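Hello,

Here is the structure we talked about, with notes on what turned up in it below.

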Amino acid sequence: MAEFFDALTDDHRAFIARQPVFFVATAAEGARINLSPKGMDCFRVLDGKRVAYLDVAGSGNETNAHLLADGRITIMFCAFDTPALIFRIYGRGQAVLPQDGRWAELTPHFALLPGTRQIFEVMIDQVQTSCGWGVPYMAFERERQTLVKYHAASNDAERFGKYAKRTTSIDGLPVRNPTVAAR
C-alpha cells in the first residue's frame, strides 16, 4: 500500500495545495517527540526536493530545538475528503530566522503574519503515500484568527521580551529566537 518517492511529483504538489492542515513531527535524543498541527496557509513547495513553512510564535519552540539537536523532521498531510490519502515528507530541516542571510530568499514565498518567528526549510530525503482509509471524512470550515489577533495586538518589544525568557525547549534544549522583527 505504501509507495515511496525521492522527490515531489506534480500530483503530490496538487494534493499539498488542497490541504488546509498538516502535522509536523520532530525528535531529539533524550527529549519528548514533538508533534504539532499547522494551518494558516503557511506551507510552500519550493521545488521537488525542498519545502518550507512559516512559523508563528505560539506556546513553545520545540521544532527549532529539535532541528538544532538532530535535524530530522517528518511532515504529514491527510486527505479528509476523497480520495483517501496519507502523505508524508521525510527530511532534514533548519530554522531560518529574520536575522539570517537566507531570510530574504524565503520570505517572498509567504504572506508574513503578525508574530512570524521563523521559516522552517526542509530538504526532502523521501516522500511516502499510503491509503488513508482509516482517516475520517471532515469538512474544512475556516481558519482560526485567534493567534493572528493575539500577535497583532502586541508589539515587537513585548514579543522580544518573551523570546528573551524562552531560550530552551520544554526538555531544556537550546533554541534560536529572532533578534530582529520579521519583515
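Helix α1 (residues 10-18) has three buried residues, His12, Phe15 and Ile16. They sit on the same side of α1 because they cover an arc of only 100 degrees around the axis, taken from the directions from the helix axis to the C-beta atoms. Buried means under 20% relative accessible area, exposed over 50%, with partly exposed in between (1.4 Å probe, protein chains only). Helices (H or I, at least four residues) and strands (E, at least two) are DSSP runs, numbered from the N terminus. Asp10, Asp11, Ala17 and Arg18 are exposed on the face turned away from the buried side of α1.

This is a predicted model, in which local features need pLDDT of at least 70 and side-chain atom pairs pLDDT 80 or more, while totals for chains, interfaces and linings use all residues. Residues are numbered from 1 along each chain as its sequence is written, and side-chain values use heavy atoms, leaving out hydrogens and water.

The whole structure has 14 salt bridges (a side-chain nitrogen of Lys or Arg within 4 Å of a carboxyl oxygen of Asp or Glu). One of them joins Glu121 and Arg50 (2.7 Å, N to O). Glu121 is in strand β8 and Arg50 in strand β5 (residues 50-56), 71 residues apart; both are buried. Arg117 and Asp55 form another, at 2.8 Å between the closest N and O atoms. Arg117 is in β8 and Asp55 in β5, so this pair ties together parts 62 residues apart in sequence. Both Arg117 and Asp55 are buried.

Glu141 and Arg142 also form a salt bridge, at 2.4 Å. Glu141 is exposed at 65% relative accessibility, and Arg142 is exposed at 59%.

Regards
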